[in-house]
There are 2 protein chains.
Amino acid sequence: MWKPNRNSSSSLHHQIINWITNQINTGNWVVGTKLPTQRQLALQFEVNRSTIQQALDELKADGIIEAKRGAGVFVANNSWNLLAKKQQPNWQRYIDESIHKPNYRTIQLINEYEQEDSIIRLGTGEISPNLLPTKELLESLQNLSLTGKDIGYSSPQGHEELRIAVCQHVKKRGIATTPDNILIVSGALQALQLMAVSLFEPGSIVFQEPISYLNSIHPFQSYGIQMKSIKRDAALSTTLYSLKKHRQTIYYTVPTLDNPTGKVWSTEEKKRFYEICTSLQIPILEDDVYADLLFETDSHSIKSFDSSGQVIYISSVSKTLSPGLRIGWIIGPTPVIKRLTDIKMQMDYGSSAISQKIVTYWLTSGLYQKHLVELKSQLKSRANFMISILSEYFHSIATWESPKGGFYIWLKYNKPIVTRELFLKVLKRNVLVNPGYIYDTEDSTHIRLSYAYASLDELKYGLMILYEESILAIKAADFYK
Amino acid sequence: MWKPNRNSSSSLHHQIINWITNQINTGNWVVGTKLPTQRQLALQFEVNRSTIQQALDELKADGIIEAKRGAGVFVANNSWNLLAKKQQPNWQRYIDESIHKPNYRTIQLINEYEQEDSIIRLGTGEISPNLLPTKELLESLQNLSLTGKDIGYSSPQGHEELRIAVCQHVKKRGIATTPDNILIVSGALQALQLMAVSLFEPGSIVFQEPISYLNSIHPFQSYGIQMKSIKRDAALSTTLYSLKKHRQTIYYTVPTLDNPTGKVWSTEEKKRFYEICTSLQIPILEDDVYADLLFETDSHSIKSFDSSGQVIYISSVSKTLSPGLRIGWIIGPTPVIKRLTDIKMQMDYGSSAISQKIVTYWLTSGLYQKHLVELKSQLKSRANFMISILSEYFHSIATWESPKGGFYIWLKYNKPIVTRELFLKVLKRNVLVNPGYIYDTEDSTHIRLSYAYASLDELKYGLMILYEESILAIKAADFYK
């Protein structure tokens, strides 16, 4: 990245002015481009914020950039701006009117701040870098064998050896399948995107529970597919039945270590759910990405009951081995897998061959299982640590359940205080949490906490800050009542 | 993969019947699933085709599967089929009515046959496994360093070190950019998909030349974006102008070593094209994936003239280092890159960290440049070899130009004989070519030949077969005239 040269005869702020001017001149920063914040520029250029301020002030005075109150600083579009006085495409209009929805603002903020080292990540859906088997993964590279065919365009369905390994792997989830019924994808998120455009049309319906991971992303909504929240309770059958007339429907669920609630359905609940959906011919999309992180008892997948090709099953190694490998899988009936493979080929022509080789090696060598044992033990002790802090401080203002595995505690406040304001106040103190309204727009009482990422010290410190801000929010709520 | 057990007391064909029955019973093969061909089943099970025939005949007699004339054998949906007599979702209807277009039938056939070792691939867009630096790539894994952060969810924009390396790399294409203006993608194909849903809406227009790679895929068409073919000639300006009223337009082109024609535009042509498009405010999508394979002179990219953020540039290492890594990049104005990053995050949360590490290492260590020198020399000698055979045999029935780099010779027959029939006749003799109509539905005189994949012996043998079938086609055409 460019930085001003401290040995140059030109002053730092002049060098910065030149660099910014050049960004505009080369069309990298077109009219309307939002400049990075002063803080970000100061970090990138390794200069004081006052130097940045000086540079930006001069550019503003020249009419080259302009501040918009509350929104930031932008490349100006005005008659004084000689630099921008060329014909440029109006990219913002392209963006504003295009097909795919942007990430929600809160999610964008979370993503932005997650990149910063000073932030304590108290809600994140990722294990700590310290818990990843980085050294072992690096060592395992030496055991890979590669042929020219391996690193060519291989079958978009995925390496056969990996699909065979996945067949073995999912046996412990009670699933009997064949390599032909598996598609390798670049993480479970890609599975959702693929399914959206390969199996549905505008107006199709994806059912989900009211509190759902799917509310924090929108792989389906961008294509006009409707989301319908339906509680998985006694009324399920009738409600679903009344909606059955729609041509393409599916019920999305995370029945084992749900995200964000951490719930694990009982075997009976899974069976009953499968039977209801089968009788209504509503397929099930089972997201099983956390199942390898069950602390105690094994719990079979819904897919294990499937004898009618009713369940499409997705999972990955992103929550266990490494998100960076970008390897997941879809298991389903042959025509569905064929269709998804054809579209996967058009999307990205298959997943990284090296990543596939690595996952094959980890699944077949026993390294993966060994790593799981260690990881689960670490997560369990982290969960206990978080519970102990919650018990000490949050017991009078919130409730929670002891996690059965995975990353999360779904903290439930006694009062509705979880607002965007609380989220921002906590963030201002460098602590990032996932507020419940990401997963259910109506929610104002929950926070998804994760004990998987931050260090123990950070967990404690972060929870203290959350506690302090929660108490203030409760007091404010009481005051205005 | 399952195979019948030859030591079992049960006969081979009974074991196969049981296996197929089980596929249906578990819902892997739902009603309407097309069975693999007898040939494929015989290969997979390592038995004679007569054994397969016997098994299928029994299943047909039991009403479990049924043959549809010319279409294949399917899991039956009838009252005799006790196995299938459960409620199943009608997956075929989901597929038929969904958003994304399937691959064209000819492309599906090509993909299917490309997986078979006995096929001579005479048109394929991929370098031979022998030309890939497999050994060096494997060795280079030992020079990688990895931190836990590297293999976590990293920035969906791509590793910063790779974006810095790409900045350096594209300098030789005349491009001055910054790491912030680069998005790492999983190959250039993903770049097209991302752009389609991130910058366009139904009714937007993508311009292209009449013969275009984009006709063989449909990243845009599936979302209602229109493709318009416009010759890049004197009339370009007026024609484009008349279409300018549309809100979002872009002109897609491969100006350096075009796919499939192999053409390289002159610097003047590129400049003029840039100026016309800029004056009309029609952005350019420059696909530069073959440029590193120019045999002789360097030819600057269109992006190198860009001073207004008019050009979005895409490239990758798939045509040079390894398709299996799935690493490419998009270079564009900051707001466009920000938008594409936000959507990339929702698509697959970034590209494989290990693949990114490898490409960073190859670009920065000099290994990539060294490999290019060797690869280009090999490709050039292969090109000469193909030309010598063409000169000897095809001189009286077709014309071609000497390639300036890349993989392809765009063979032009004197008569319109390139039909699906010719394609299939050649394929029947185990030779796979890419007929011109894949790239221009009106075309019946061209074949895209590639000298990059098959061995020299295969190239010669394959061309002989193509020659024989071409002569027969010409005779037939003359006869019916």
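**Figure 1. Helices H14 and H15 of chain B cross in this predicted model.** The axes of helix H14 (residues 420–428) of chain B and helix H15 (residues 456–480) of chain B come within 10 Å and cross at roughly 140°. H14(B) and H15(B) are therefore oblique to each other. The crossing of H14(B) past H15(B) is right-handed. On the H14(B) side, Leu422(B), Lys425(B) and Val426(B) make the contact. On the H15(B) side, the residues are Ile465(B), Leu466(B), Glu469(B) and Ala473(B). This contact of H14(B) with H15(B) has five nonpolar and two charged residues, with no polar ones.

**Figure 2. Val431(B) sits in strand E13 of chain B.** The strand runs over residues 431–432. Is Val431(B) buried or exposed? Val431(B) is buried, because 24 other C-beta atoms lie within 10 Å, and 20 or more are needed for that label. Leaving out residues up to four places away in sequence, Val431(B) touches Ile120(B), Leu122(B), Val426(B), Gly462(B), Ile465(B) and Leu466(B). Among these, Val426(B) belongs to H14(B) in the helix contact of Figure 1, while Ile465(B) and Leu466(B) belong to H15(B). Look also for Ser118(B). Val431(B) and Ser118(B) are 313 residues apart in sequence, but 9.0 Å apart in space, C-alpha to C-alpha.

**Figure 3. Helix H12 of chain B is mostly covered.** The helix covers residues 353–365. How far apart are its end C-alpha atoms? They are 18 Å apart. At 1.5 Å a residue, the 13 residues should span 18 Å, so the two values agree. Eleven of the 13 residues of H12(B) are buried. Among them are Ala353(B), Gln356(B), Lys357(B), Val359(B), Thr360(B), Tyr361(B), Trp362(B) and Leu363(B). Which elements do the buried residues pack against? In chain B they are helix H6 (134–140), helix H7 (160–169), strand E4 (182–185) and helix H13 (367–393). In chain A the partner is helix H12 (353–365). Gly366(B) follows H12(B), and its phi is positive, near 90°.

**Figure 4. The H12 helices of chains A and B meet.** The axes of H12(A) and H12(B) come within 7 Å. They cross at roughly 125°. H12(A) and H12(B) are therefore oblique to each other. H12(A) passes H12(B) in a right-handed crossing. Ile354(A), Ser355(A) and Ile358(A) come from H12(A). Ile354(B), Ser355(B) and Ile358(B) meet them from H12(B). By class, the contact of H12(A) with H12(B) has four nonpolar and two polar residues, and no charged ones.

**Figure 5. Chain A touches chain B.** Here 102 residues of chain A are in contact with 103 residues of chain B. Several elements of chain A give two or more residues to the side that touches chain B, including helix H4 (91–96), helix H5 (105–114), helix H6 (134–140) and helix H8 (188–199). Helix H10 (267–279), helix H11 (334–347) and H12 of chain A are also on that list. Which helix gives the most? H11(A) does, with nine residues. The side of chain A that touches chain B divides into 41 nonpolar, 48 polar and 13 charged residues.

**Figure 6. A cis peptide bond joins Asn259 and Pro260 in chain A and in chain B.** In chain A, omega of the bond between Asn259(A) and Pro260(A) is about 10°. Pro260(A) lies in the loop between strand E7 (249–253) and H10 of chain A. In chain B, omega of the bond between Asn259(B) and Pro260(B) is about 15°. Pro260(B) lies in the loop between strand E7 (249–253) and helix H10 (267–280) of chain B.

**Figure 7. Glu46(B) and Tyr349(B) have positive phi.** Neither is glycine. Phi of Glu46(B) is near 55°. Glu46(B) lies in the loop between helix H2 (38–45) and helix H3 (49–61) of chain B. Glu46(B) counts as exposed because it has 11 C-beta neighbours inside 10 Å. Phi of Tyr349(B) is near 60°. Tyr349(B) lies in the loop between helix H11 (334–347) and H12 of chain B. With 19 other C-beta atoms within 10 Å, Tyr349(B) is partly exposed.

Technical notes: Residues are numbered from 1 along each chain as its sequence is written. Chains are lettered from A and ligands numbered from 1 in the order in which they are written. This is a predicted model: local features need pLDDT of at least 70, side-chain atom pairs count only at pLDDT 80 or more; totals for chains, interfaces and linings use all residues. Helices (H or I, at least four residues) and strands (E, at least two) are DSSP runs, numbered from the N terminus. The expected span of a helix is 1.5 Å times one less than its number of residues. A residue is buried if 20 or more other C-beta atoms lie within 10 Å of its own, exposed if 12 or fewer, and partly exposed in between; C-beta atoms are placed from the backbone. Two residues are in contact if their C-beta atoms, placed from the backbone, lie within 7 Å. Ala, Val, Leu, Ile, Met, Phe, Trp, Tyr, Cys and Pro count as nonpolar, Asp, Glu, Lys and Arg as charged, and the others, Gly among them, as polar. Axes are lines fitted to C-alpha atoms, for helices over the stretch in contact, and angles run from 0 to 180 degrees between N-to-C directions. Angles under 35 degrees count as roughly parallel, over 145 as roughly antiparallel, 65 to 115 as roughly perpendicular and the rest as oblique. A crossing is left-handed if the near helix is turned anticlockwise from the far one by less than a right angle, and right-handed if clockwise.
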